Amino acid sequence: MFAFTVARRYLFSNPAQTALLISGVSLGVMAFVFITALIGGLATRLTDDVTANSAHISLEPETRIARVLPSPDAASAPVAIISTFQRRQIRDWTSTVSLLRSHPAVSAISPQISGSAFLVKGEAVSPVAVTALDPANIDTISSISTEIISGDASLGADGILIGSRLAENLGLAAGQPVLLRTDRGIDRLLIVRGVFQTGLQSLDERVAYLSLQTARPLFLLPEGITNIEVKLYEPGGAREVAAFLHEATGLRATSWQQKNASLEGALDAQSQTGTLIQAFSLISVLIGIASALSLSANRRRGEVGIMRAFGVSGSFIAAVFVLQGLLIGMVGAGIGCASGFALCSWLETLTKPDGTMALPIAPREGGYVAVFLLTTIGAVLASVIPAGSAARLDPLEAIQQ
Amino acid sequence: MSTLLEARGIGMTFRNGDELTEVLKGVDLTLEHGELAALLGASGSGKSTLLSIVGLLLKPTAGTLSIAGQRVEGLPDLERAQFRNRRLGFIFQFHHLLPDFTATENVAFPAAAPAGAISPAMRRRARDLLARVGLADRMDFPATRLSGGQKQRVAIARALMNKPELILADEPTGSLDRVAAGQVLDLMREVNREDKATFLICTHDEQVAARCTRRVTLKDGSVESA
């Protein structure tokens with residue numbers, strides 16, 4: 001294609017100017033890649049932090065709501081009091097677990113009994129949130145066994161695992177007995193099998209783990225469970241999977257995003273800010289290309305005029321300038337993507353004194369395909385105006401100048 | 001000889017706001033195949049405007065124009081461009097070579113642009129033309145490294161590339177020194193003689209006109225003598 005040869009020759013005719021223009025495009029693209037990788041990395045890190053030790057979806061029975069009942073006696077209380085003595089529970093939980101196992105997005109399942117209780121050690125009393133689960137799958141949702149700092153994670157029939165802050169508050173250590181008093185008013189003496197430390201105060205101070213078998217009589221649930229915790233291969237799809245599970249089971253399905261609405265809002269705001277920065281980067285790149293090509297078209301008016309005079313079509317002239325835009329866009333975007341990836345990869349290696357990453361950057365999430373296509377297409381569009389004006393040039397007027 | 005160009009009652013009026021300027025007033029001009037005609041006239045006589053109309057770079061406001069038997073004054077822009085490319089050659093006072101291309105590429109350009117590439121045949125013809133205009137040793141030189149006279153000779157070769165029937169030259173020696181101007185004029189005379197190419201040379205230089213086979217003089221927008 002001869003127009004391509006002419007476009008290439010025009011770009012090489014002033015290598016310094018072309019290099020400067022391509023550098024500008026590359027820098028803009030690099031900024032885009034950096035912002036995208038940083039926002040992606042930050043979102044991934046926050047999501048990982050939130051979901052690493054918690055379920056992606058929690059299935060529970062629907063909340064019971066007191067209903068207004070018709071009453072023949074207007075003076076009597078019109079509200080039906082729902083019994084709160086009988087716990088909300090999932091009776092037919094084995095069929096729900098079977099359904100979950102067949103779902104391709106589900107990676108792990110943990111049927112649990114959750115309830116409130118007090119731990120009593122002599123005069124010391126502390127409220128705890130009890131999570132009872134299958135001891136064989138204790139690490140399914142949270143990696144408890146790796147957080148044990150004394151004792152071990154073997155729950156057994158009378159074992160309990162408590163957090164380090166709770167152990168400290170009650171003066172407990174692994175191997176010691178402690179009395180558990182549930183919200184059903186049932187007491188049982190248990191042995192502290194292990195003390196864990198997650199680093200999260202809410203967990204280390206308020207959570208205790210039991211086996212399902214130990215918890216059943218304590219919470220008066222001989223067969224049922226209170227909730228099923230679910231992990232997914234892709235945490236990002238939790239909302240959609242939760243909606244499906246709610247439809248399929250009738251249970252209340254809460255995704256991790258719903259539980260952490262403020263985090264999701266923050267991520268959205270961060271993403272929107274990033275989009276604005278990305279848009280401005282691209283716009284500045286495209287304005288640079290358009291102005292450079294406009295200057296080029298103006299500088300070459302005489303040449304374009306003589307081409308038009310000896311019968312070269314306007315579409316050929318337009319193609320020469322559009323192809324210059326295409327070449328600048330492609331080369332600039334290619335170099336920008338490569339240098340952006342190199343920069344992000346280098347930043348990824350930087351660490352703080354404590355060994356953690358200095359920047360939560362994800363080089364693989366630089367949006368390379370998107371920025372390459374956007375820059376290339378944008379460069380072509382940016383060249384349309386100078387190309388059009390060159391193509392419409394009156395040959396006589398251009399030659400006489 | 002047969003008629004190549006026939007212009008009848010060519011008029012050209014330019015509008016500048018409310019002001020109308022009549023540059024050409026019913027010009028009649030006929031050129032036969034193989035003529036080497038000089039178009040003379042004082043500055044402002046309308047000779048460049050007439051040349052632009054004959055070269056299909058400007059549409060007349062009145063009159064008819066036929067080239068090689070085809071009415072061309074009302075052709076749409078695309079067809080005018082195609083007609084210029086295939087049947088007309090242009091030589092301007094300033095060569096307007098493409099500085100980023102070699103002498104050979106400049107000569108081949110009018111054929112290569114519509115075809116999409118410089119074919120081997122085009123390259124051969126371009127080099128033959130350059131050899132003919134005395135630039136055999138400058139074929140692969142970038143246009144920027146040629147002297148003024150050499151550039152104008154490349155422009156002549158470029159005008160001949162598509163074997164045009166009519167070559168229009170606007171002050172072709174105007175920017176050259178006496179020696180270079182003489183060489184360029186000799187070259188045009190040689191092409192006219194050997195190829196039977198028809199030339200219409202717009203000039204105000206009596207010495208150029210004296211070496212042409214015919215003189216057409218414009219005065220105040222009309223043909224004074226032909």
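Confidence in chain B of this predicted model is lowest in strand 10 (residues 222-225), with a mean of 77, and highest in strand 4 (residues 62-67), at 93. Chain B as a whole averages a pLDDT of 88, and 99% of its residues score at least 70. For the complex, the predictor gives an ipTM of 0.85 and a pTM of 0.72.

Now to chain A. Its domain assignment gives domain 1, made of 2-49 + 264-400, and domain 2, covering 93-225. The C-alpha centres of domain 1 and domain 2 of chain A are 56 Å apart.

Where do the two chains meet? On the chain B side, 19 residues are in contact with 18 residues of chain A. Helix 2 (77-87) and helix 3 (103-115) of chain B each bring at least two residues to the side that touches chain A. The largest share of that side comes from helix 2 of chain B, with 5 residues. By type, the side of chain B that touches chain A splits into 12 nonpolar, 5 polar and 2 charged residues.

Next, the nonpolar cores. The largest one holds 132 residues, and the members touching the most others are V33(A), V320(A), A37(B), L39(B), L200(B) and I201(B). Helix 2 (residues 15-51) of chain A gives the most to this core, 14 residues. There's also a second, separate core of 49 residues, with A117(A), I144(A), I162(A) and I225(A) among them.

Let's zoom in on L200(B). Leaving out residues up to four places away in sequence, L200(B) touches L31(B), A37(B), L39(B), L51(B), V54(B), L166(B) and L168(B). L166(B) and L168(B) belong to strand 7 of chain B, where they point one way along with D170(B), while I167(B) and A169(B) point the other way.

Why is strand 7 (residues 166-170) of chain B largely enclosed by the rest of the structure? Because 5 of its 5 residues are buried. Strand 7 of chain B also has these pairings:

| Partner of strand 7 of chain B | Sense | Bridges |
|---|---|---|
| Strand 6 (residues 88-91) of chain B | parallel | 4 bridges |
| Strand 8 (residues 198-202) of chain B | parallel | 5 bridges |

Two residue pairs show how these strands line up. On the strand 8 side, A169(B) has I201(B) as its bridge partner.

Definitions and conventions:
Residues numbered from 1 in each chain as written. Chains lettered and ligands numbered in written order. Predicted model: local features only at pLDDT ≥ 70, side-chain atom pairs only at ≥ 80, totals over all residues. Domains from an automatic or database assignment. pLDDT = per-residue confidence, 0-100. Contact = placed C-beta atoms within 7 Å. Nonpolar A, V, L, I, M, F, W, Y, C, P; charged D, E, K, R; others polar. Core = buried A, V, L, I, M, F, W, Y, C linked by C-beta atoms within 7 Å. Buried ≥ 20, exposed ≤ 12 C-beta atoms within 10 Å, placed from the backbone. Pairing = 2+ DSSP bridges.
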